Amino acid sequence: MNYKVLVVDDSKLARMVMASAFRRIRPDWSLIETPNADEALATVSKGAVDIALIDFNMPGTDGLELIAKIRKSYPGMPVAVVSANVQDEIIGRARQLDAGFIAKPLTDEALEAFLSGAALRLRKGAK
Amino acid sequence: MNLNASDLTEIEQDALAEIANMGVSRAASSLRQMVGEQVLLSVPAVRIVTREAASKLVERNNAKKLVAVQQSFEGPFAGKALLIFPEAQSLELVRSIVGDEHSLEDVIDLEQEALAETGNIILNGCLATIANVLHRTMRMSLPSIVRGDGATLFEVDGAASGGQFVLFLYIDFNIKSRDVHGFIALLMDLPSIAALKEIVHDFIRGIEQQSTGHVG
């Protein structure tokens, strides 16, 4: 199954890094990139997103606030915070929102581990 | 060493250097991962100096034209973290991160972006590690890019005067095969040094308890 993944990051370079990792490990999945929370919410509300990968430190609404908003309509969507801000507090808050945490600099291994888990969760949910 | 009235004791300086070392080591490993090459680091230095003296330390072995990615932080103590390098090397640094397959035009196009995100990753990793070591939480601003000499970077002529004392932690990095070098620097406002002392004491106490408690 090929899933649609939303990538939210205000940095174009960070989105390029993410896209390049997907080309290596999940070339058949489709990516939707947005630079901020507002555009991300608009995309999610169209119902076209299976999985979301969200930067924490963004202008306006931050990544954790965005996830809290997404959770209201999509409590089961696999979501991860992608950030270099590896503070225990940030990781703890992500966990409270039932979101994963992927550290920057991004590695294929960390992304792979999250995506495998996400795909499993989506397959179970679909049954 | 530039010592001062509101000074830190030797053990406090040692502890701070060690904490800073953990942060910048994380920063160096992030940088290494991003450029895919070995990054050499100096031993971190801790000084209490004026902003002006700090700016001179950064200029010492460098051209006067510098680029810095900076992030402010606040929490148990407040200040600024900077990734600094000579302006002439910024394109080479960007190229080492986005890969040599990109054309010079692409690299110029991406320069701001790449510098901001690189700084964000390196400085966040550094500050977050320090926060975790101290069991405290820090808030960090978005990254911004500053160009100029040391005085501009450290706002020697700004609202906070150049004569004002700050706690200055810095470390040199060198990307071996690229001839790219620079600094990772933390600048902390002195009004928060009392808070800092308390935090450092907690940290030292934690180590003492560990060493008198279980092995390992």
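Predicted model: local features only at pLDDT ≥ 70, side-chain atom pairs only at ≥ 80, totals over all residues.
Strand E4 (residues 79-83) of chain A runs parallel to E5(A), and four bridges join the two. Strands (E, at least two residues) and helices (H or I, at least four) are DSSP runs numbered from the N terminus. Residues are numbered from 1 along each chain as its sequence is written, and chains are lettered from A and ligands numbered from 1 in the order in which they are written.

**Exercise 1.** Give the strand order of the sheet in chain A and name its edge strands.

Step 1. The open sheet of chain A holds five strands, ordered E2-E1-E3-E4-E5, with parallel pairing (at least two DSSP bridges between two strands).
Step 2. Strand E2 (30-34) and strand E5 (100-103) of chain A each pair on one side only, as edge strands.
Step 3. From one strand to the next, the twist averages 20 degrees.

**Exercise 2.** Locate Asp98(A) and Pro105(A) and state the backbone feature of each.

Step 1. Asp98(A) lies in the loop between helix H4 (88-96) and E5 of chain A. Its phi is near 60 degrees, a positive value in a residue other than glycine.
Step 2. Pro105(A) sits in the loop between E5 and helix H5 (108-126) of chain A. The peptide bond that joins Lys104(A) and Pro105(A) is cis, with omega about 0 degrees.

**Exercise 3.** Describe the side of chain B that touches chain A.

Step 1. Chain B gives 19 residues to the contact (C-beta atoms, placed from the backbone, within 7 Å) and chain A gives 14.
Step 2. On the chain B side, helix H1 (10-35) and helix H4 (104-133) are the elements that give two or more residues. H4(B) supplies the largest share, twelve residues.
Step 3. By class, this side of chain B has ten nonpolar, seven polar and two charged residues. Ala, Val, Leu, Ile, Met, Phe, Trp, Tyr, Cys and Pro count as nonpolar, Asp, Glu, Lys and Arg as charged, the others, Gly among them, as polar.

**Exercise 4.** Work out how H1(A), H3(B) and H1(B) pack against H4(B).

Step 1. Helix H1 (residues 12-25) of chain A meets H4(B) at an angle of about 80 degrees, with the axes 8 Å apart. H1(A) is therefore roughly perpendicular (65 to 115 degrees) to H4(B). Lys12(A), Leu13(A) and Ala14(A) face Leu110(B), Glu113(B), Ala114(B) and Glu117(B).
Step 2. Among the residues in contact are Leu91(B) and Val94(B) of H3(B) and Leu110(B) and Ala114(B) of H4(B). The classes are nine nonpolar, two polar and two charged.
Step 3. H1(B) and H4(B) pack at about 150 degrees, with their axes 8 Å apart. Axes are lines fitted to C-alpha atoms, for helices over the stretch in contact, and angles run from 0 to 180 degrees between N-to-C directions. The contact includes Ile19(B), Met22(B) and Ala27(B) of H1(B), and Ile121(B), Ile122(B) and Gly125(B) of H4(B). Twelve of its residues are nonpolar, five polar and one charged.

How values were computed: Contact = placed C-beta atoms within 7 Å. Parallel < 35°, antiparallel > 145°, perpendicular 65-115°, else oblique.
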